[in-house]
Amino acid sequence: MVHAPSLGPAHRVRVLHSLAPPDGKTRYVDQMTVGAPDDVSVAYFSWKAALRGRYDVLHIHWPELLIRGKTRRIRFAKRQAMRATLALARVRRIPVVRTVHNVTPHEAGSAAERRVLARVDRATAVSILLNPTTQVASPTETVTILHGHYRDRFAAHPRTAREPGLVLYFGIIRPYKNVDALIDVYASRPRPGSRLRIVGSPSPELRDSIQRRADAAPGVSATLAFVDDAELVREVSAASLVVLPYAEMHNSGAALVALSLDRPILVPRSPSNSALAAEVGPGWVIEYDGPLTDEVLSAAVDVSANLASGERPRLEGRDWDEVGRRHRDVYIAAIAAAGGRAHR
């Protein structure tokens, strides 16, 4: 448990997040920005900001993404920049806070990358967990701060009436997310009165295969792009069931988006998904074991049809103001423990 010393009225915590600035589309960075209290100043990542900027806390998200690149030279340069950033933080007594979005990277990296990630782990003062089931191997202090919901963010966008039998996948499309398998399962037999929508931006190696599958399968359509919030709300609210058939699933912003728009989700069984199911109430999180099958998908469509109109999942304790206040308390305590100052 983090106990934060009180901040004087003139103090302001400057936090450098390893995130790009908000761009009008729903991303995790929005929670860090909109939810930040008045006494927390948010800055967004560049290597120049990390190495030359003035900040009190370095908050790292998805560290593997910071040190990847298209060429060996770029990857080497980024690894060196990360080493220098961590060394600077140690000298300046800037605490490193890390949000554990996933326990291990979804795509494996090189041995050199793993060595740098191990260095990040050793430098981390506090690990923020997004659900109570996360287990971290490092001995750092941990604090659980639940992923925020999106009800307030989406309130300004009109919803579409729910379409019976409409199944939706949305979000970034990567190999581990098994979107190709979802299309294959859906297309394995005729489904009168049903259709499948795929909405999201695929990695380059998947774009052609996903588009070909969608074009060839009756009842399947695809928008292979990252859509803005207004379109996202229209797509999700039109669905009767959102399917997220990931090969592994620990934390999912997409799951919270769907639940925030009062749409049930079909997800693989995992400790974090089971905890979410218990939290939000019966019928909203439908879990399955093993690979996605026709039987699993068909049963989930039937379950989703039985949810009464007007029902909502329970998402208490996930509003962004609460998320922001709890992060602020972590920052202040970490600065005090590192011997740093909340005002440089």
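Modeller: Helices (H or I, at least four residues) and strands (E, at least two) are DSSP runs, numbered from the N terminus. The model is predicted, with local features needing pLDDT of at least 70, side-chain atom pairs 80 or more, and totals for chains, interfaces and linings using all residues. Residues are numbered from 1 along each chain, and side-chain values use heavy atoms, without hydrogens and water.

Biologist: What follows helix 4?

Modeller: Arg93, which has a positive phi near 55°.

Biologist: And how far does helix 4 reach?

Modeller: Its 21 residues span 30 Å from first C-alpha to last, close to the expected 30 Å (1.5 Å times one less than the number of residues).

Biologist: Which residues of helix 4 are buried?

Modeller: Arg79, Ala81, Met82, Thr85, Leu86 and Ala89 are buried (under 20% relative accessible area; exposed is over 50%, partly exposed in between, with a 1.4 Å probe and protein chains only). They lie on the same side of helix 4 because they cover an arc of only 160° around the axis, taken from the directions from the axis to the C-beta atoms.

Biologist: Which exposed residues are on the face turned away?

Modeller: Arg72, Arg73 and Val91.

Biologist: Now the second largest pocket: how is its lining divided?

Modeller: It has 15 nonpolar, no polar and 6 charged residues (Ala, Val, Leu, Ile, Met, Phe, Trp, Tyr, Cys and Pro are nonpolar; Asp, Glu, Lys and Arg charged; the others, Gly among them, polar). Helix 4 (72-92), helix 5 (111-123), strand 5 (124-129) and helix 13 (320-338) each supply at least two lining residues.
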